[in-house]
Structures are given as structure tokens and as C-alpha cells.
Amino acid sequence: MTAAKSQAVIRPGPGPSRPYHFPAFERVRMDNGMELVCAPVHKVPLVSVNVLVDAGATADPAGHEGVAHLTAQLLLEGTATMDGATLAERMERLGATVDAQADWDGAVVSMTVLSANLRPALDLLRDMLRAPAFAEREVARLKAERLAELLQLRSDPGALADEQFSRFLYRGESRYARLEGGDEASITSIARADIQGFYEARYRPAGMQVIVAGDVSVADAHEQVQRVFGDWRGERAVRVEADDRAANNSRVLRVVTKADAPQSELRIGHVGVPRAHPDYFPLVVMNAVLGGLFSSRINLNLREAHGYTYGAHSAFEWRRQAGPFVVSTAVQTDVTADAAREAIGEIARMREGLIEPGELSLAVDYLDGVFPIRYETTAAICAALSTLVRYELPADYFDTYRRRIREVTAEDVLRVAREHLHPESLLMVAVGDAAAIRGPLDALRFGPMTTHDAEGRDVAR
Amino acid sequence: MQIPIETYRLPNGLFVTLSEDHTAPIVAVNLWYHVGSANERAGRTGFAHLFEHMLFQGSEDVGANEHFELIQRAGGTLNGSTWLDRTNYFETVPSNQCELVLWLEANRMGKLLPAMTQQKLDTQRDVVKNERRWSVDNQPYGTCWERLQALCFPPEHPFHHSLIGSMEDLSAASLQDIAQFFATYYTPDNAVLSIAGDFDPAQVRRWVDQHFGPIPRGAGRPPLDNTALPARFGEWKRETVPDDVALPRLFLAFRSPVFGSDAYYAASVCGAVLGLRKGSVLHRTLVRERQVAAEAQAFTFDLTKGCDLLVLDVVARQGVDGDRLHDEVAQVVDHVHRTGVTPADVARASALIEMDFTGAVQSAGERADRLSMFATYFGDPALVNAQVERYRAVTVDAVNAFIREYLGPDNRASLMYVPREDTGEAEPVAAAAEAGR
């Protein structure tokens, strides 16, 4: 009845579309090897600044995983002339939101501030980056806070599933197999000297980028960045690459025990591709159809057709080397195996034939249309430019993004599905009530199954 | 920064607010219905939220899940959310797709029921039960919201019961409940429609008239049960929850003045002084100096009826047990209660609040949501433009007056989570044995 009526009703179509251009930006190379990337946007009196440093988790020294993360966080905890409390107080009195984090591919110090306060806020940012204190007491405190975070992670089934998936996905010696922020063993081993050493080796002005977006002119931004960083000298650090090879080339099933869990956290996938891969655009469209959108095959199947879950999605995690491709969902314990079978079936089905024209147009129209909505804030523009710079994307990347999405065909999607989805070498991690889910999962005949505790230790047999 | 605002009412009672901004070809549409979990009848906890899910299951001229598909196909983002006293639905789309969104929202406001089936209800019931398992039952501290409400509001109070609801009550919900709830609350005179961004106001008014105009007015919203409460708890309530968590975590709640009142702004600034970012009193004292907490923050519920709640949320560091954490937090609060806070504390908090507000309203969706909020609660969306001034007007004396009146031991409720092992149950051993079979 509903369908018949909906044929008869004329739905409003789109009006003429108004053009949108990603904010124009300029790149200015400074004579100490730093680069300024500035996008003046004058809608609100705010400026966002990202400083990108080639000091990500991939560069962690073996055995000391977590140094990159601690080093970045410690920038907020005191300088040669200010203790951490004073630094926080001064930044916050300016209304500045400031953060420092390391992800796989770099450290990012980010700040958003009223444009009227940009000058004093940059003075503080200079001290943070150029004269961090790394006080013993703060090092010890942040290590303890990281250990607390790890304890929390072990009791959070979703976070635990993410961790165990990466751990079993990559080879044991790969940096990608261990937590970005370090684990109990590596964090405990880190001393102040390791942090100081990492800082001196990697926080070098040559190769750093300062991204500025918001209510400021290029000339003014240049003058201010020159003022705070212009006389900083230091050679570029040597780039470190992660080993992104998979641990297994065949299907493996790892069950991680969480007694009486009402749900199972499922992760199913394999090693994906690097961010700079030429198939990026067709892969983004392919993933949108498979599990990237609410109306994707995986979500409509697991959530809307079966009611197994509150949500299911798939994603390629984009890094400099190949990050994971993974389907993630949390499903009711008694349908764990059924949900896994459906998700695996959807991955395989992507390779079996052309997607429907309606599926292609949904993905393409969404990705094309949503583009301007992604860049409403200075912080979002700053983050987008950071991605462009970090992955060395072409200068016209944002201007051609929508065209390149629209150029993707159903044939392209099938080709990249066949090339980059590997149903024969999937890793499945299920965190849940092992006693209840092992039997049904085994009956899927997915592949060899092992059982582990929350630290990943083998507890079966 | 002032947001331009136009408001009017349709003859059927729909309150409309428009806010133009042509900097990007984007428009946000936002609908608030003045109904939430507080309006649920006994035995139907979780129904308002389940109903929100059903609003994505189609209407007379829209198929199941088609709402999502049509918006995403238009290049838009969308969702809905349910709170104690309101439910909202929102979309942000390229501005040339504005009419589609208005049509979709009007279609489900006017003609939801023909699309409702038992099968859709059963599926969404399963989805919501899985939402509960995921966000509440299988999540460390996941029960904190429902436990806080249960602890802070007396059993007969509309804010007492769980928003996501119990499994039993979700199972009991019927199509008849759907029809009744829809007829009672999903009416134009119980809704606010806000549109923010790039649109032509004359054209948008025509579309609103055309699509929403024919929807009949409702019979009037039944009043909530009495929400009035004493300003303070009158005691120090305490509850300890042994749970499957790794670290003790304390939620310390205070009854506080309702959202919108002058004293609310003092309470909100007090919350920021105590728990907003690294320069806050809790972070400075418990995380940095005493090193007993791994994280500390504060928030308000922003309730407009009965009373609001100001809540401190502190996670222990490893090796600090629940009792110790409770003592340490209490000492800080006692100290603040005795000595008050400083002008520098208030200046820091106000600067951050103003900055966060300016940052948030860059987004059309955030602007539209705030317009709907002030229109729903106070009948005046222009209050959005008074927020920065109201925060600036908060003096250190006002914050300290709030502190003296509300942070004392006669107005506290402690909800403490502790690791279950503390109680002597040996679950991890059982788990390992189970897995070894």
C-alpha cells in the first residue's frame, strides 16, 4: 500500500544548486624549512591552528611504543618558564582550546582561539613546541594516566575488539600490531630520557607544517608564524615507515572472552591500502555502498532486515602505510554467528557483480553533496588542509574532489572490490561470551579458531 | 556575534524560526517535539526513544528507511535524539534540497500512522534493545545515566525513570501505543521548526505553509505530572555500584537552579570552574596535584522543570579505591564550599564558555538546534543571542552565592562505581575456565 501510494506522490526535487568552493589557501615556505599553509575564512572571529610534526606513533622506538603519544601530550604539561598548571591557565584565560596528540602518521598540536587573541596564544604555542620541560613528575603522571586508560580499555568490549583486531592482523613485530598509545609493558619501560630523546630527534622545524584557517590574512599569519618559529633551526627528521604486512594470508578466527557479555563485538577484515593509493576514490565509493552509509548493504542487512544490532559499518582506515579495512558491529550474543555470516556474505557479494545504478548514485550523490557540509568550521578546514599536506595530495585536491567522486563507475567499484577486498584472508575477532559463541562460530567453518583473554593470551587447549 | 532570527506561527500552532546565512550553500532543518521520556506512562519506559526510531520507518508517502536514503541521496546528514523532555530530528543538506527535507518532515508529522506495521515495530524494538545492550549493559559505567536519574529524582517524578527503558517495557510496547503517542504529542502545536542557513525566506515560508499548513492541530499536550522539587536534596544520598569496570568512578550530583534562570548561569559557570578542561579546579587538584584521578569533568543536565543537576564526574587512577576517591572529591568540594572560587577562575571559565559557543554556532545544524531549544523551552529563539551576555554578566559573587547555597553536604548525591572484584566475586577466573573447555 505504502509503495503504491508513494508512486503517486510527487516529491520535491532539487532546485538549482549554488556553487561551493573549498576555501582558497596559500602555501608559504619559510627559510628554516617550515611551511605555512593558510586559508583566510572570515565568517566568525576565530582562528584554528594545527602544527604537524613528523613524530607519530610509527616512529616510536621498538620496545618504547607510546613515546610519540606521551611526548605530544607532555607539550601541554609545562615549559622551561611555566609549569603545566600555569600554561593551562594562561591558554584558557585566552579562551583557547588547545590539544596535542600523536596518531600513526604524526603529532598534531591543535588550537582554536578568538582571532583577537591569536598573538598571545601563538606565544604560548611557541613555548610549548620549542621549550617543553618534560618534568619528571609530569612524565610519571602521564604514564600513570595512560595505564589507567589501558585498564579502562580492557573493560570496554568495543575498544578491546579494536585493539585485538590490530594485534592479530599485523605481524607481531609491526608497529601497527600494537596500540597507537603504547601498552602496559612499553609504557612502563619509558623514562624521561626516552621522551627527551624522541623530542630532540623528531621535533625539527624543517619538515613541520603550520596550518592556519580562519579570521586572519595570509600576510598576518605569515608574520606571526615567522615571529614565533622563524629563528628555530633544525634538520628534518628521517621518515620511519611501518611494516604493514598481514600476519596471515588465510582466514583466522580469534575469540576474546568476556563472560556473560550480552553482546559480541565483531571485527571482520584485513589489511587495506595506503592513503595515497590511486584507487582512493573508487574505494571510498565502494565502501559507502558496502558499509559506509546508513543505507549501506551491511547496515540494512544486519540492522534493518534482521535487528541483530544497533549499527554495523565498514571502513578503510587511512594511513601513510596500509591501515586496516574492517567491518565493525556489536550484536546480540545469540545471533553472533548469524551476523558474522551475513557480514562476510556482504563482503563477498561486493565482488560478485556490478552494484545497482541506485546504489552507485546514492553513494556518489551523498559524497558529492555532503562535501560543503564537512567544512563549516575553522577547525574542520584546518583538519582538511592537514590531511592534504600530510599525505601530499595535489594542490587542487579539494577543487577536484567532487568531480573525481562523480567519475567513479559501477565497473570501477567492481574492479576495486575484486582487487582490494579479500574474503579468503579475513581475520575475524569476536569479543564476547566465549562459552555461548564458540560453538555457533565454529559451525560457520570460517577458519581456525583460537580463544584468548583480554590481554590477548591464548587460553584455549 | 548576533544570529539573524525571524519567527512566526502557522494557524495550526507550528512555531517556525528562520535564520539566514549565505556563506555556504547549506541549510539545516531542525524539529523539536516537546515530548521526551518524562511523558511516558507507567510500564512504557523507553517508549519516547523507541518512537523516535519508528519515525525513520516511513510514513504514508515514504517507505521504510527511505527517509535516510532520500536525505543521504540529497547529500545530507541527519539523525534524531531523545532526551527527558524533548525529541529532536535534524538534517543538514545542500541548500537546493531544502524543500525535500521540509516535505519529508511534514509527511511524517502529518501521516505517520499508515506506514506503521507490527513487523517494523518488532524490528526496531530489537534494534533498540541492541542499542541498550551496546550503550548501557555492555559498556563500562553504561548504566550511569539511568542510575543518576533514579538516585536524584524521587520515584514518582517524571525524570526518575530510565530514558532508554527496560527490556520488559520495550517488549510491551504495541502499535496502539504508537498511535496514541503520535496523536497526543506529534502535533504541529507541540513542535518547533527551525531552518538555518542558505535559503530564500519568502520561498521557505511558502514551502512551510504548503507542507505543514494542512496538518491539523492536536488536542493539546497533557501536562506532566508534578515536577516541582525542593531546591536541595536535604541530605547526602549515596549509592555504590559494584560493576564490571576497571577503575572506581564517582558521579557527584547537586540539585541546581533550572536552565534559563539567572542562577542557572552562575551554576553553569561554577561547573566550568570546577570541571571544564585542564585549568579547572578538579583537574588541577585531583589529576595534577593530588594525582588520585585520571580524568575529571563537570556537566549540567540543562533541565527546565523541577530542578537541574550539576554533576562532577571523576575517574580514579589505578591503585585509588572508591572510598579514597570519594574522600578526595569531597575534600575539594568542601574546600570550594568554604572558600569559594576566585575572579581568575571565573574569568577562565567564562572565556572558555564564550569560545565554545562561538565555535559551535559556526555550524548551521548547531544554530538551528539552539533556536529550536530556546523556542521550545521559553517560546523565544532570540534568547540564543543573549547567551554570551548572560554568561558575561555572571560575577564571582554570583558564583560564590550559588556555591554557598548548593554545594553543601545537604545537597549531594554520590553515585560510585567500583570494580566488582572489590566485592569478592571472582568473575575473571570463571571466564578463563569457561573458555578453556
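## The interface between chains A and B

Let's start where the chains meet: 71 residues of chain B are in contact with 72 residues of chain A, contact meaning that the C-beta atoms of two residues, placed from the backbone, lie within 7 Å. On the chain B side, the elements that contribute two or more residues are helices H2 (66-73), H3 (98-110), H4 (118-137), H10 (281-289), H12 (343-360) and H16 (427-435), along with strand S5 (87-94). Helices (H or I, at least four residues) and strands (E, at least two) are DSSP runs, numbered from the N terminus.

This side of chain B holds 28 nonpolar, 23 polar and 20 charged residues. Here Ala, Val, Leu, Ile, Met, Phe, Trp, Tyr, Cys and Pro are nonpolar, Asp, Glu, Lys and Arg are charged, and the others, Gly among them, are polar.

## About the model

The model is predicted: local features need pLDDT of at least 70 and side-chain atom pairs pLDDT 80 or more, while totals for chains, interfaces and linings use all residues. Residues are numbered from 1 along each chain as its sequence is written, and chains are lettered from A in the order in which they are written.

## Helix H11 of chain A

Helix H11 (residues 297-305) of chain A has buried residues Arg297(A), Ile298(A), Asn299(A), Leu300(A), Leu302(A) and Arg303(A). A residue is buried if 20 or more other C-beta atoms lie within 10 Å of its own. They pack against H10 (280-292), S9 (309-316), S10 (324-332) and H12 (336-350) of chain A, together with H4 of chain B. Just after H11(A), Gly307(A) takes a positive phi of about 65°.

## A buried aspartate in a loop

Asp244(A) sits in the loop between H9 (218-229) and S7 (252-257) of chain A. Asp244(A) counts as buried because 22 other C-beta atoms lie within 10 Å.

Terms used: A residue is buried if 20 or more other C-beta atoms lie within 10 Å of its own, exposed if 12 or fewer, and partly exposed in between; C-beta atoms are placed from the backbone.
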